[in-house]
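Visitor: I have a structure open and have not looked at it before. Can you take me through some of it?

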Amino acid sequence: MGKMEENNKLKTVLVYVIVFAVTLTVLVGAILITAGIPREKIKENVVESADYLMEKPLFHSITGNIDSTRVDRYADAILLGIAWQFGNGRTMETVMWSSYYDRSEEPESADLKHASEEDLPANKQYMRYWHGSITLLKPLLLIFNIKQIYIVNAVVLGLLTGILLLMLFIHRIYIPAVGLLLGLILTFSYVVPFSLEYTWTFLLMLIFSIMITRREINYKTKWTGLYFLIFGMLTSFMDFLTTELITLFVPLLLLLWFRKNRRYDGVERHMDAWKKALCYSLVWGAGYAFTWISKWVIAGLYLHINPLKYVSEHIEERLGGNVGLSTWTYITRALSRNIKSLMPWQTGETGAVISIAVLLVLSYIMFVYKRNKVDRKYILIYLIIAVIPYIRYVVLHNHSFLHYFFTYRAQIITILALTLIFGELTDRSRMGHGNKKKK
């Protein structure tokens, strides 16, 4: 029996390795194919995009003076600049270097304008990321300029959000649905479609959450870990290091809620909660880390260079940085900037009134529908997950300090987790939230 279990474990590991290798091959193939789209076919839309990005400052708020609604045209101009330089007869080389044209005396949007109009060569590398979002961006540039792509983003993300929330509400999964909706509202997520940099993790989070919800509704639990592996890889491939954690912990929180609150044939509902949470997190993390490292390995082998020479300084910068502050001040300000970016702190008296009203309603519900027997195991798991975004802000304190205006959205995880804790402390059956049993 022991040998059979060992063989099964080896087979499982082999399956994960094969899936990783196949997925990575598909992703690399996809970026090479789309990178090869000729420049002349996207030139008109790239020039129009540069003009549009130059109309406003690189960083500006969409809604009044609310800093949390700031969009990042700096990163978008760079991403378009990389997409423009991809291919050009040197597809593999340009993908590995991920370079763009840059003149320090002008904004990146103006650099994009010069590069696309005058066919200027790249002079600044951005090797540390895959920039896999270009597999979507460059085909879109065949049809749309950046302004139109923002509209497409809004439609797609809006539809996916609607589908997910509708699925949850139809199946009477009210607590997670409310938690997710609150998270999206409190993090001004309506801004996300209007900055390419913000889009990709939200796109992946919504797609993955829909898949997890659909699988759990249909009681499909086999090979769930492979989904976490693949979405960890996709996050590493697509993301600019923004809100990467939401593609792991939002779907994971939904899954944990399902596993506790629904019956599965022959399976104790929550006997392996800790094991599953840790296992899926490690699998996602392995997919994320090894996909990122694979970029450096492939680049080093193909370009015959030491990639660490080009990426190590950026790693040190994200972990440390230098803005003339002590480490303690640096960390505390990174935390405070991200926390204060949530809606209640950004909308003055209106936000304060709404926050007090919500707290009063929640307090009333917890008092009236108090649960007699509380599952401390799940409350602890949810609480640990709720704290993880703040650990991220501490570890990457330079990145979180400088880019708080988008990193703060990782707190969607915290808001959803705290809502699930609220669900654990209340008697949902008395609130009309009965568990849907398998027929």
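Guide: What follows is a short tour of some helices, salt bridges and loop residues in this predicted model.

Visitor: Start with salt bridges. How many does the structure hold?

Guide: There are 10 salt bridges in the structure.

Visitor: Which residue pairs with R39?

Guide: R39 pairs with D119, at 3.9 Å from N to O.

Visitor: Is R39 buried or exposed?

Guide: R39 is buried, at 12% relative accessible area. D119 is partly exposed, with a relative accessibility of 42%.

Visitor: What does K113 pair with?

Guide: K113 forms a salt bridge with D51, and the closest N and O atoms are 2.5 Å apart. K113 belongs to helix α5 and D51 to helix α2, so the pair links distant parts of the chain, 62 residues apart.

Visitor: And where does E117 come in?

Guide: E117 and K113 are both in helix α5, four residues apart, or about one turn of the helix. Their side chains form a salt bridge as well, at 3.1 Å from N to O. Salt bridges with shared partners join D51, K113 and E117 into one network.

Visitor: Change of topic. How many residues are in helix α12?

Guide: Helix α12 has 31 residues, numbered 273–303. From its first C-alpha to its last it reaches 45 Å, close to the 45 Å expected at 1.5 Å a residue.

Visitor: What follows α12?

Guide: H304 follows α12, and its phi is positive, near 55°.

Visitor: Now helix α17. What span should its residues have?

Guide: Helix α17 covers residues 376–395, and its 20 residues should span 28 Å at 1.5 Å a residue. The end C-alpha atoms are 28 Å apart, which agrees.

Visitor: Where is the kink in α17?

Guide: The kink is at I388, shortly before the proline P389, and is about 30°.

Visitor: Which residues of α17 are buried?

Guide: The buried residues of α17 include Y378, I379, Y382, I385, P389 and Y393. Among the elements that cover the buried residues of α17 are α11, α12, α14 and α20.

Visitor: What about the nonpolar surface patch, which residues make it?

Guide: W274, L380, L383, I384 and L418 make a nonpolar surface patch of about 450 Å². Helix α17 gives the most to the patch, with three residues. I384 is in helix α17, and I384 is partly exposed at 40% relative accessible area.

Visitor: Next, E197. Where does it lie?

Guide: E197 lies in helix α9, residues 196–217. E197 is buried, with a relative accessible area of 5%.

Visitor: What is E197 in contact with?

Guide: Leaving aside neighbours within four places in sequence, the contacts of E197 are D72, A75, D76, D239, F240, T242 and F406.

Visitor: And S189, where is that found?

Guide: S189 is in the loop between α8 and α9. S189 is buried, at 13% relative accessibility. Not counting residues up to four places away in sequence, S189 touches G183, L184, F202, R409 and I412.

Visitor: How far is the C-alpha of S189 from that of A177?

Guide: The two C-alpha atoms are separated by 15 Å, and S189 and A177 are 12 residues apart along the chain.

Visitor: Where are they, and are they buried or partly exposed?

Guide: W223 is in the loop between α9 and α10 and is partly exposed, at 36% relative accessibility. L241 is in the loop between α10 and α11 and is buried, at 8%.

Definitions and conventions
Residues numbered from 1 in each chain as written. Predicted model: local features only at pLDDT ≥ 70, side-chain atom pairs only at ≥ 80, totals over all residues. Heavy atoms only, no water. Helix = DSSP H or I, 4+ residues; strand = E, 2+ residues; numbered from the N terminus. Expected span 1.5 Å × (residues − 1). Salt bridge = Lys/Arg side-chain N within 4 Å of Asp/Glu carboxyl O. Buried < 20%, exposed > 50% of the residue type's maximum accessible area, 1.4 Å probe, protein only. Bend = angle between axes of the 7 residues up to and from the residue. Contact = heavy atoms within 4.5 Å. Patch = residues over 30% accessible without salt bridge, like charges linked within 9 Å, V, L, I, M, F, W, Y side chains within 5 Å. Areas by Shrake-Rupley, 256 points an atom, 1.4 Å probe, with all protein chains shown as cover.
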